[in-house]
Amino acid sequence: MSERFDVVVAGAGTAGAYASYLLAKAGFKVALLESKSGGEIGVKTCGDGLGLHHVERMSRHITPNPKVFQNRIEGVELISPDERTRLLIRGEGYVLDRFGWGKWLVEEAVRAGAALYEGHTATSPIVENGSVVGVKAVERRTGAAKEFRAKVVIDSSGSAAVLRTKLLGWLISEPLHPEDVSHAYREILYVEEPLENPQYIKIYLDMTVAPGGYWWIFPRNATMLNVGLGIWGVLKQNPRTNYDQYILPRFRVKSKYHIGGGFIPTRRPLKSLVGNGIVALGDAAAAVNPIHGGGIGQALLSAELSSKVITKAFEVGDFSEKTLWEYNLLYMKEWGYRQAQLDVLRLMLQTLDNDDLNFGLSRKILTEDEIYHLAAKGTNISLTDKFRVMMQFIGRPGLLRKLSTSIQYAKEIGDLYLAYPSDRSGLERWHAQVVAKYNEYREKIGLGPLPAA
Ligand SMILES: Cc1cc2nc3c(=O)[nH]c(=O)nc-3n(C[C@H](O)[C@H](O)[C@H](O)COP(=O)(O)OP(=O)(O)OC[C@H]3O[C@@H](n4cnc5c(N)ncnc54)[C@H](O)[C@@H]3O)c2cc1C
């Protein structure tokens with residue numbers, strides 16, 4: 001069986017559901033394929049935190065459902081490994097009723113006119129004459145094989161990126177190296193003792209508990225807590241083991257609402273998010289913030305930007321990589337360059353140990369405002385007060401060198417991403433510059449060259 005659509009979207013998470021909503025609202029015939037079915041639709045293992053600025057941006061296109069914003073957050077409490085330093089970093093946001101959020105977005109897509117195929121697993125792209133022209137899928141209940149044909153296919157299947165990774169030899173198929181992912185595990189707990197200050201999400205830096213990452217408490221309210229951790233993928237450690245050993249014993253647990261794990265791409269942007277007839281969004285496009293692993297906002301952003309470009313492609317009747325390339329340009333300009341900057345800092349943070357972190361946080365090497373700016377927006381911070389910084393680093397010249405080197409390279413690599421080539425012809429040259437700059441930086445902070453994926 002083969003059905004024809006304007007756009008086929010594989011994966012009804014935040015990215016796929018929002019893109020389906022936007023495109024269906026714009027009048028396109030959209031098929032939204034989702035492996036899950038029934039009450040499972042919208043269920044996602046996540047920390048459930050979302051910055052206010054993402055919600056505000058989304059509100060330009062859709063009225064958010066207030067019911068899914070479970071806890072209004074005023075900021076982040078950043079806690080040192082020895083737990084002696086607790087920095088309060090401003091920054092508004094929400095802890096979501098994540099399942100409610102996911103379900104609501106899919107409902108909005110359907111209300112806008114998208115056809116939802118639940119219980120349908122996309123298995124591979126259909127490629128004809130060098131272009132993706134549809135998706136092969138299996139209906140899980142019956143085992144029936146189906147084909148969904150379209151002018152444009154969207155891979156929004158999450159971190160597994162089931163479609164783009166099958167396009168071997170295409171730019172868009174770039175695989176993820178274990179260095180480029182975080183392995184995460186979290187539980188949503190009902191606890192006996194109310195959490196202090198539940199208007200602040202808590203981020204604990206501790207390289208024993210969460211090597212190359214952090215562990216967190218994101219409160220839905222004072223006694224319902226999303227608690228989890230992420231560990232750098234290259235270390236090949238099971239985050240659940242550390243969760244059970246170090247984190248869970250800290251709570252008097254009444255019951256558990258949901259448990260689960262997953263992996264999160266935490267890296268620089270992919271070389272390209274487009275190919276002939278296909279674009280990738282959200283986790284499938286590795287669009288996540290590499291410092292904190294938050295990707296809901298980027299799932300929304302990538303859906304918005306790609307929908308704009310897909311709409312234009314229909315106007316000109318051309319769905320080739322050349323036309324869809326504009327999505328790369330918009331992405332790199334809006335977020336990709338900052339993603340790259342944050343990736344540079346991520347690599348530096350992953351080389352620190354608990355002593356460095358205790359020292360750095362207790363001496364306020366960066367102020368709360370600077371940390372907020374770095375984590376949320378990129379490295380446009382002024383370190384003009386060099387003297388203050390130098391003084392604080394007395395006794396830790398190595399750390400000072402690492403930090404200032406990282407800030408310098410973050411700026412340079414971010415600038416390279418801002419100069420992303422306007423078409424494919426410039427890509428290989430540009431990419432060689434990125435790799436060279438990364439390798440120069442990596443050598444300076446004691447990492448080897450970029451690994452081949
Ligand atoms: C433990 C953990 C904690 C996190 N905490 C946060 C946080 O606090 N804040 C934040 O912003 N981000 C967080 N993230 C990241 C965030 O969850 C993702 O970046 C975001 O959900 C990405 O959305 P997406 O739509 O791209 O992918 P997903 O939400 O993963 O959606 C992909 C969808 O595709 C479906 N699918 C997969 N394969 C197929 C297939 N073959 N055919 C059809 N359908 C398919 C899946 O069922 C799913 O519904 C966390 C992630 C994890 C794992």
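I'm working on a predicted model, where local features need pLDDT of at least 70 and side-chain atom pairs count only at pLDDT 80 or more, while totals for chains, interfaces and linings use all residues. Residues are numbered from 1 along each chain as its sequence is written, and side-chain values use heavy atoms, with hydrogens and water left out.

**Entry 1: the ligand**

I got 35 residues, the closest being E34, G47, G49, R98 and D283. By class I have 13 nonpolar, 16 polar and six charged in that shell.

Next I went through polar contacts (N or O pairs within 3.5 Å). A polar backbone atom of G49 sits 2.8 Å from a ligand nitrogen, and one of S35 is 3.2 Å from a ligand nitrogen. R98 uses a polar side-chain atom, 2.7 Å from a ligand oxygen. On its own the ligand exposes 1000 Å², and the protein buries 91% of that (Shrake-Rupley areas, 1.4 Å probe).

Which element gives the most to the shell? I found β7, with three residues. Elements supplying at least two residues each are α1 (14–25), β2 (30–34), β7 (120–128), β12 (214–221) and α5 (296–316); these are DSSP runs, helices being H or I of at least four residues and strands E of at least two. Domain 1 (2–69 + 98–174 + 267–334) and domain 2 (71–96 + 179–265) each put at least three residues into the shell, with bounds from an automatic or database assignment.

**Entry 2: second largest pocket**

A pocket here is an open set of points on a 1 Å grid over the protein atoms alone, with protein on both sides within 12 Å along at least five of seven lines; lining residues have an atom within 4 Å of a point. β11 (200–204) and β12 give two or more residues each. The lining splits into eight nonpolar, one polar and eight charged.

**Entry 3: the cavity**

For a cavity, a 1.4 Å probe fits but cannot get out. My search of the whole structure turned up one of 30 Å³ or more. The largest cavity has about 40 Å³, and its lining includes E174, R267, Y417 and W430. Where does the largest cavity lie? Domain 1 and domain 3 (341–444) both give lining residues, so it lies between them.

Technical notes: Near = heavy atom within 4 Å. Polar contact = N/O pair within 3.5 Å; in protein donor to acceptor, adjacent residues only side chain to side chain. Nonpolar A, V, L, I, M, F, W, Y, C, P; charged D, E, K, R; others polar. Points joined across faces, edges and corners; volume = space filled by probe spheres on them.
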